[in-house]
Amino acid sequence: MSEDYKEPESVWTSNRFWSRSAGWVTGFSAVLLILLTMDTLGQITMGSAEDLANKVTKRVPSASVINYKVTYEYSAARGHEVPVIGEKELFFGRNDYSEAEANALLEKGKLTSQAKNCMNCHTLLGNGAYYAPDLTKAWLDPAWQAGGVMQGMTGTTSTDEAMLVFFQNPDKYASHARRMPNLGITPEEAKGLVAFLKQMSSIDTNGFPRNFNKIQGSTQK
Amino acid sequence: MSIATPKYLSQSLAMKYFFVAVVLFGAQLVMGLIAAYQFVNPEFLFNVFNFSTARMVHINALVVWMLYAMIGSAYWMLPEETGIETVGIKLGTLGFYVLTLAVTIVVGVYILVQVGPGTEASIWLINEGREYLEAPRWADIGITVVVLIFVYNVFATVMKGKRTGITTVLMADLIALAGLYLAGMFYTSNITMDQFWWWWVIHLWVEATWEVFVGVLIAYGLIKVMHANRQIVEMWLWIEVTMLFGSGILGMGHHYFWIGTPEYWWEIGALFSALEPVPLVGMLVHVIYDMGKHNGKVNNGPAFNWFIVNAFGNFLGAGVWGFMHTLPQINIYTHGSQFTAGHGHLAFYGAYATILIGMMYVAIQRRNGIEEMRSTATSKWAVSLITIGVLGMTVALTLSGYVQAFVERAEYGATWDGYFIAQGATWFTQGIDWRLAMGVVTLIGFLLLVKDLLTIAKRSKALAN
């Protein structure tokens, strides 16, 4: 408060009242945010391989989810789609990746996604740039499944192999005029990226994107 | 009342910060135009200077020029508010050179190296790859050190000199602003955790601490430009802080709808972010009220014009455009579309660019001891063209965003195919074309702004004699 401050008669025009209000409101909001953060952190901590084996649902499943089939299905209880982790599924010919192996793959993929600046063309969980498709559920996208354009172009017969081939030479496999550039992605990095995308597709995003590939009229249906 | 002030070193430093800010603003526009043109012609500089690189430099230059102009504004205000030279100004000046060298190296690496192998070394040395926080880790640490010097300058000066409501808010805000940056400086393989903390920096900067910073600048600006009553201005400032932090801190919930975080953020995010426009209306009313009270008599025409554009732009860009897609029922269709880009353009411009440019004019006027600085034709063309350009880009991107929401999201269920069908839709591509055209308008306005900033003092002095 400056020295020539005059305390007004009404509390509503009192600087002291408002400065204290600012302090209290800010403090209260910050404390509430911290409490909610503590709860959220518990809920978004990555699950374990044991959780997957025991069918314990986690919002962010362990990297070991690459050993399982992931689908995105409507839940009547929640009113939107949720990822469903099913039976074991081959991922580059194996479904027995240990947790450490799966974590190493995921880490390689996540680091590659950052080092190659994916987020400045694509969106991940809807965040990023809008020059290329959202990658949240890319693993489940019909374009990458049997009969989809990407398997056809890359001459492969599975989603993981199609992605592996594509990432190493994306500019050669253009589905549209707007191509993905060649970012010098190595086979090891590409494999990590596929694991990263598969694990991301298993995250419970409260139904985003909505009606993913469910609407009649989609050219892939 | 004479406007001439002693030649404070702090204000010389402020001018240096403003100078670099304008250079980076120019870089932001050039990179934006390259990226906008690549939307129209995707083969342009393909595999040489890709969209991801242009876009990264575009948004980084934006954040950094605004931080430069904010730091510059604080160094400018400090001696006038406290009545003394800034404490530790030599260290502050050294910090400026260190920061500018670091920024130059970072931008050089962005442009020349662009991407690295998928290792931690890339994140430390090349590019962290997290939108807005791309600066490599070494630079993060450097930025933190320089900002700590700046915070020390502010605190030591306010403690030694006169303390006002404005400087009290500034101090509290700076501590929060600097501390929050630390939330973005770690690596995790868990993308949900990554995005959770990422928003602590992005949201709590642009929807909380930066907005309060704007409140501080408006308060200072109104006192200087129209001699508004300090007691009333500071009361408004405290009310704004109450409302901005009261809505903005928990308004963070609107970023936690779809990233893997629990459903309760739907309600919290919807409620508090819907309240976020309220303080922006308050700030608008405050400026208009003060203008009416002083019969529109101002001693700095161009600065005041920018303040008015700020009052409306903040309300429209951050308030209205933000509110349009802040509810989860709507956001599920607009999240991650050009709708967000439209909001982003008008919000950053309306809330921040405008007030910071206004502060540059205030500094030019007072540095040169000009009693009354009137707008030149160039000043008016600059503010008009930039505003029309940014508004045009915003409307164009919003329309493209609608096409995405309806076609890509609602009709095609957000698939790869749906994405490209929407991108090829005529109404989408028209929006993208108009965005490019309006970007050119913005650049022309910017060039006039630079000319005006460089020449207005001389012209005003010549007129006075």
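Modeller: In chain A, the 22 positive and 23 negative charges have mean positions that lie 4 Å apart, where Lys and Arg count as positive, Asp and Glu as negative, and His and the chain ends are left out, each charge being placed at NZ of Lys, CZ of Arg, CG of Asp or CD of Glu. The model is predicted, with local features needing pLDDT of at least 70 and side-chain atom pairs pLDDT 80 or more, while totals for chains, interfaces and linings use all residues. Residues are numbered from 1 along each chain as written, chains are lettered from A and ligands numbered from 1 in written order, and side-chain values use heavy atoms, without hydrogens or water.

As for the fold, chain A holds 6 helices and 4 strands (DSSP runs of H or I with at least four residues, and of E with at least two), and from the N terminus their order is α-α-β-β-α-β-β-α-α-α. The radius of gyration, taken over C-alpha atoms, is 24 Å, well over the 17 Å that the globule rule (2.2 Å times the number of residues to the power 0.38) gives for 221 residues, so chain A is more spread out than a compact globule. Along the principal axes, its C-alpha atoms fill a box of roughly 80 × 45 × 40 Å.
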